[in-house]
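Please keep the sequence and the three-dimensional view at hand while reading.

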Amino acid sequence: MTRFLRIAVAVVLTAVVLYWSNPDRILRAAAHADLRWIAAAIALVFVDRALMALRWIDLLVALAPGSRPPLTAVLRVFFVSSFISNFVPSVASDLYRAYALSRYDVHLAESTASVLMDRALGVLSVVIVGAAALPFARDIAAERSLIAALGLVFAVCAVAAAVIFSERAADLVRATAARIPIKALQRASDALVDAVRRYAKHHREMIRVLIMSVIVQVIRVIQAWCLGVALGIDLPLLTYFVFIPVIVLIMQLPITINGLGTTQGAFAFLFVPQGAGREQVFALSVLFLALGIVGTLPGGVLYAMRPPSPEASRAS
């Protein structure tokens with residue numbers, strides 16, 4: 001009965017998101033699209049999901065010795081949290097991932113630090129890809145809003161890096177947290193800063209994760225380009241390399257569930273002035289979101305199945 005309920009929940013939630021994504025317009029756009037390009041985009045989705053899982057596994061190197069959970073448990077937590085991100089803001093899915101990992105004898109501060117590092121390096125890779133493309137697209141680079149957005153996000157990433165590699169910056173964060181009148185939050189902040197600081201000793205792993213993150217963002221840009229070609233949008237690949245990183249950043253803002261609405265607005269704001277048709281751009285935005293949902297379906301299958309207990313996973 002419990003397994004049936006979990007399967008029903010997974011199916012219903014997926015159906016709700018697809019309904020919000022206007023499946024009638026998806027079908028109309030797909031009817032005139034080149035399915036070969038859409039199939040190529042779908043194949044690339046599973047490549048980037050595999051890389052995203054691998055980069056988080058790499059970040060678990062900073063966990064306390066002997067507390068790293070089994071690989072199967074880590075993969076399950078990652079893919080289920082990806083599936084959950086379809087229905088809640090990205091911050092909530094990150095919190096779920098940190099909590100789920102902590103059930104396997106991992107300190108909550110350590111699991112939270114691994115998720116924060118995964119998110120921070122992912123965001124930094126978006127900025128790197130977008131900034132690298134700007135000099136090669138001077139007409140588009142004139143958009144001050146793009147430069148400002150990338151610059152602001154880069155500044156946030158620089159602050160996070162300072163906490164990791166600078167003891168002075170970490171002490172500043174601890175001093176700020178000490179002013180919080182709630183002792184439990186003070187202790188949690190100190191533990192989280194200490195957990196994040198451990199990554200200062202793992203340069204090789206962090207560089208490897210950053211490289212994988214950049215590859216993931218490049219693959220996402222190519223996915224969007226494949227969808228645009230399938231829909232008949234006649235814009236060069238370079239345009240996608242400038243716009244898609246900004247759109248990915250907007251999608252991660254905890255404003256709507258899974259970026260619904262904000263994604264459509266961002267695509268229209270950026271692509272329509274470049275000469276793309278409004279209907280085509282709307283279809284592209286919907287298909288880009290739908291592509292992300294397809295990539296999380298393995299997590300939906302795992303969510304529907306009864307999860308093994310932490311004790312059983314450790315024994316195996």
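V163 lies in helix α8, which spans residues 144–165; helices here (H or I, at least four residues) and strands (E, at least two) are DSSP runs, numbered from the N terminus. With a relative accessibility of 15%, V163 is classed as buried, where buried means under 20% relative accessible area, exposed means over 50%, and partly exposed lies in between, using a 1.4 Å probe and protein chains only. Apart from neighbours within four places in sequence, V163 contacts A169, A170, V173 and R197, contact meaning heavy atoms within 4.5 Å. The C-alpha atoms of V163 and R197 are 7.1 Å apart, although 34 residues separate the two in sequence.

The model is predicted: local features need pLDDT of at least 70, side-chain atom pairs count only at pLDDT 80 or more, and totals for chains, interfaces and linings use all residues. Residues are numbered from 1 along each chain as its sequence is written, and side-chain values use heavy atoms, with hydrogens and water left out.

The chain as a whole comes next. The protein chain contains 15 helices and 0 strands. Of its 316 residues, 47% are buried. When contacts between residues at least 6 apart in sequence are considered, 76% of them join residues at least 24 apart. The accessible surface of the protein chain is about 15700 Å², and 69% of that surface belongs to carbon and sulfur atoms; accessible areas come from the Shrake-Rupley method with a 1.4 Å probe, and for residues only the protein chains shown count as cover.

Another pairing across the sequence involves V61, in the loop between α3 and α4. This residue is partly exposed, at 30% relative accessibility. Not counting residues up to four places away in sequence, V61 touches R68, H202 and E205. V61 and E205 are 144 residues apart along the chain, yet their C-alpha atoms are separated by 7.9 Å.

How are two packed helices described? The description uses the angle between their axes and the distance between the axes. Helix α4 (residues 71–84) packs against helix α14 (residues 278–304) at an angle of about 110°, and the axes are 7 Å apart. Axes are lines fitted to C-alpha atoms, for helices over the stretch in contact, and angles run from 0 to 180 degrees between N-to-C directions. The helices α4 and α14 are therefore roughly perpendicular to each other, a description that applies from 65 to 115 degrees, while angles under 35 degrees count as roughly parallel, over 145 as roughly antiparallel, and the rest as oblique. On the α4 side, R76, F79, V80, S82 and F83 meet T296, G299, G300, L302 and Y303 of α14.

Charged side chains form a further set of links. How many salt bridges are found in the whole structure? The search finds 8, a salt bridge being a side-chain nitrogen of Lys or Arg within 4 Å of a carboxyl oxygen of Asp or Glu. One of them joins D58 and R208, at 2.6 Å from N to O. This pair links distant parts of the chain, with D58 in helix α3 (residues 35–59) and R208 in helix α11, 150 residues apart. D58 is buried, at 15% relative accessible area, whereas R208 is partly exposed, at 35%.

A salt bridge also connects D118 with R97, at 3.0 Å from N to O. Here too distant parts of the chain are linked: D118 belongs to helix α6 (residues 108–133) and R97 to helix α5 (residues 90–102), 21 residues apart. Both residues, D118 and R97, are buried. They take part in a network of salt bridges that links R55, D94, R97, D118 and R119. Elsewhere, D34 is bridged to R36, the closest N and O atoms being 3.0 Å apart; D34 is partly exposed, at 23% relative accessibility, and R36 is exposed, at 67%.

I207, I211 and I215 make a nonpolar surface patch of about 270 Å². Patches are made of residues with over 30% relative accessible area and no salt bridge, like charges being joined within 9 Å and nonpolar side chains (Val, Leu, Ile, Met, Phe, Trp, Tyr) within 5 Å. I207 sits in helix α11 (residues 203–230) and is exposed, at 51% relative accessible area. D105, in the loop between α5 and α6, is exposed as well, at 54% relative accessibility. Its phi is near 60°, a positive value in a residue other than glycine.
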